[in-house]
Amino acid sequence: MESLLSSFKQFKVSRGFNYHYFFSPAASGKPTLLLIHGFPSLAVDWHNQITFFKAKGYGLVVPDMLGYGGTDKPEEYTLYLHTLLAQDLVDILDHEEVTDAIAVGHDWGSRTASSLAHLHADRFLGFGFFAVGYSAPNTSTTYDQLQALMTKLLGYNNFGYWEFFASPDAGEVIPQHIDSFWDILYTKDTRIWKNNMCPLGAIRIFLETDSRTPRNPAMDKLHRIYEKEFARASYKGPLNYYKVAVSADELEDGKKVPLENYKVEKPVFLGCTKRDVICVPAITQTVASQFCPQSTVEMFDTGHWVLSEAPDEVNEALEKWIGSIVA
C-alpha cells in the first residue's frame with residue numbers, strides 16, 4: 001500500500017475544503033473509477049481494487065472522504081450532507097478533466113454514490129454499490145420511524161448503533177475503549193452484530209465494558225493503518241456521517257432531488273454481502289427492483305468488509321460488469 005502514496009494529490013473544492021485523493025489517469029478507451037469509501041475507512045480501503053484496475057489501464061480517483069485522512073475535517077455535521085459531498089467529488093472530477101466515469105461506493109460511500117446518481121447522473125456511465133445498496137432520497141422518514149420499519153421487516157433493529165455513533169460523547173468513548181471498538185467492527189463472527197451492535201445502546205455497553213471478540217484476519221493490514229491514523233486525527237469527523245443520518249437535515253437534503261431523479265436509468269452494480277446482518281441483501285435487492293431497472297446483482301459470501309474479504313471476487317465481478325456497460 002505504501003507504493004500508492006506517491007500518486008496522491010490535493011485539491012481545494014468549490015466549498016473551500018482540501019481533499020486528499022489517489023489519482024491515476026485512464027488509458028485510451030478506458031473509463032475512470034471514482035471509488036468512495038465509508039466508515040471508518042480511508043482511500044486505501046480500495047487498495048486491492050486500485051492495484052488491479054490501475055494495471056489494466058482504468059483511471060482512478062479515490063479520495064479520503066471529508067473528515068478522513070489527509071482531507072479537511074470540519075466540525076459542523078451539516079457540512080457532511082451527501083448532496084454536498086457529491087458536489088465535492090464532481091469538483092475533483094472536473095479538476096482532473098475526467099469524462100467517462102463510474103462511481104462505486106462502499107458503506108456510507110454508497111450513500112454518496114446515490115447522491116451522485118440523483119443529481120449528477122449525466123456525468124457517469126454507471127453506479128456501483130457494495131454492502132450498502134442504492135438509497136432513494138428520504139424526505140420524511142425519521143430515524144425513529146426507520147428503526148421501527150426495519151424491526152418490522154427484519155425482526156430486529158439493524159440501525160440502533162447509529163444512535164451511539166451520533167451521540168455527543170462517541171468521539172471520546174471510542175478511543176477510551178479502542179480495542180473493543182475495532183473488535184466489534186471487524187468481528188470474525190458477524191452474527192455478533194445482531195446482539196452487540198444493532199440494538200439501541202448495545203454497542204455502548206460492548207465498548208464501556210471492554211468486551212472482546214475475535215477479529216476477522218482479512219482486516220489486519222488495514223486495521224494497523226486505521227488505528228494509527230484515527231488515533232492521530234480523531235473519530236469526530238467520521239462520526240458526523242451518523243449525525244447527518246439521524247438528523248432532520250438529512251430529510252431536507254433529500255428534498256433537493258426531483259422526483260423524476262429517484263429512478264436510476266444508468267446501469268447499476270449491487271455487490272451484496274451475504275453474511276452482513278446490518279446491510280441485508282434482501283432489502284438492497286428490493287430497493288433496486290423499484291428504482292434501478294438496469295441492475296446487476298452479485299452475491300458475495302462475506303460480511304460487511306467485502307473489499308478486503310473477497311478482493312479477487314470483487315475485482316472480477318466489477319470488471320465483468322464494467323465491460324458489459326462500456327462495450
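Helix 3 buries Trp108, Gly109, Ser110, Arg111, Thr112, Ala113, Ser114, Ser115, Leu116, Ala117 and His118; buried means under 20% relative accessible area, exposed over 50%, partly exposed in between (1.4 Å probe, protein chains only). The model is predicted: local features need pLDDT of at least 70, and side-chain atom pairs count only at pLDDT 80 or more, while totals for chains, interfaces and linings use all residues. Residues are numbered from 1 along each chain as its sequence is written, and side-chain values use heavy atoms, with hydrogens and water left out. Helices (H or I, at least four residues) and strands (E, at least two) are DSSP runs, numbered from the N terminus.

**Helix 3**

- Eleven of the twelve residues of helix 3 are buried, so the rest of the structure largely encloses this helix.
- Helix 3 covers residues 108-119, and its end C-alpha atoms are 17 Å apart. That agrees with the 16 Å that twelve residues should span at 1.5 Å a residue. The expected span is 1.5 Å times one less than the number of residues.

- Eight strands form an open sheet in the order 1-2-4-3-5-6-7-8, with mixed pairing. Two strands pair if DSSP finds at least two bridges between them.
- Strand 1 and strand 8 (295-300) stand at the edges with a single partner strand each, so one side of each has no neighbour in the sheet.
- From one strand to the next, the twist averages 20°. Axes are lines fitted to C-alpha atoms, for helices over the stretch in contact, and angles run from 0 to 180 degrees between N-to-C directions.
- Helix 13 (residues 281-291) packs on the sheet and touches strand 7 (268-273) and strand 8. Its direction makes about 165° with that of strand 7. Contact means heavy atoms within 4.5 Å.
- Helix 1 (residues 47-55) lies across strand 2, strand 3 (32-36) and strand 4, running at about 160° to strand 4.

- Strand 1 (residues 8-12) and strand 2 run antiparallel, joined by five bridges. Phe8 stands opposite Phe22 in strand 2.
- The hairpin of strand 1 and strand 2 has five residues between the strands. There, Gly16 takes a positive phi near 95°.
- Strand 2 (residues 18-24) has six of its seven residues buried, so the rest of the structure largely encloses this strand.
- Strand 2 is also antiparallel to strand 4 (residues 59-63), through four bridges. Tyr21 stands opposite Pro63 in strand 4, and Phe22 has Val62 as its bridge partner there.
- Strand 3 runs parallel to strand 4, with three bridges between them. Gly59 in strand 4 is the bridge partner of Thr32.
- Five of the five residues of strand 3 are buried. Both faces are covered, with Thr32, Leu34 and Ile36 on one side and Leu33 and Leu35 on the other.

**Nonpolar cores**

- A nonpolar core is a set of buried Ala, Val, Leu, Ile, Met, Phe, Trp, Tyr and Cys residues joined through side-chain atoms within 4.5 Å.
- The largest core has 82 residues, of which Leu116 and Phe165 touch the most other members. Helix 2 (residues 82-95) gives the largest share, six residues.
- A second, separate core of 23 residues includes Phe22, Leu33, Leu35 and Trp46.
- Leaving out residues up to four places away in sequence, Phe165 touches Phe39, Ala170, Ile174, Phe181, Leu185, Met197, Ile203, Leu239 and Tyr242.

**Ser180**

- Ser180 sits in helix 7 (residues 178-185). Its relative accessibility is 2%, so Ser180 counts as buried.
- A polar side-chain atom of Ser180 lies 2.6 Å from the backbone oxygen of Ser211. A polar contact is a pair of N or O atoms within 3.5 Å; within protein, one must be able to donate a hydrogen and the other to accept it, and residues adjacent in sequence count only if both atoms are side-chain atoms.
- Ser180 touches Phe206, Leu207, Asp210, Ser211 and Arg212, again not counting residues up to four places away in sequence.

- Ile225 belongs to helix 10 (residues 220-233) and is partly exposed, with a relative accessible area of 28%. The C-alpha atoms of Ile225 and Ser41 are separated by 9.6 Å, though the two are 184 residues apart along the chain.
- Glu316 belongs to helix 15 (residues 311-326) and counts as exposed at 59% relative accessibility. Glu316 and Gln49 are 267 residues apart in sequence, yet 9.9 Å apart from C-alpha to C-alpha.
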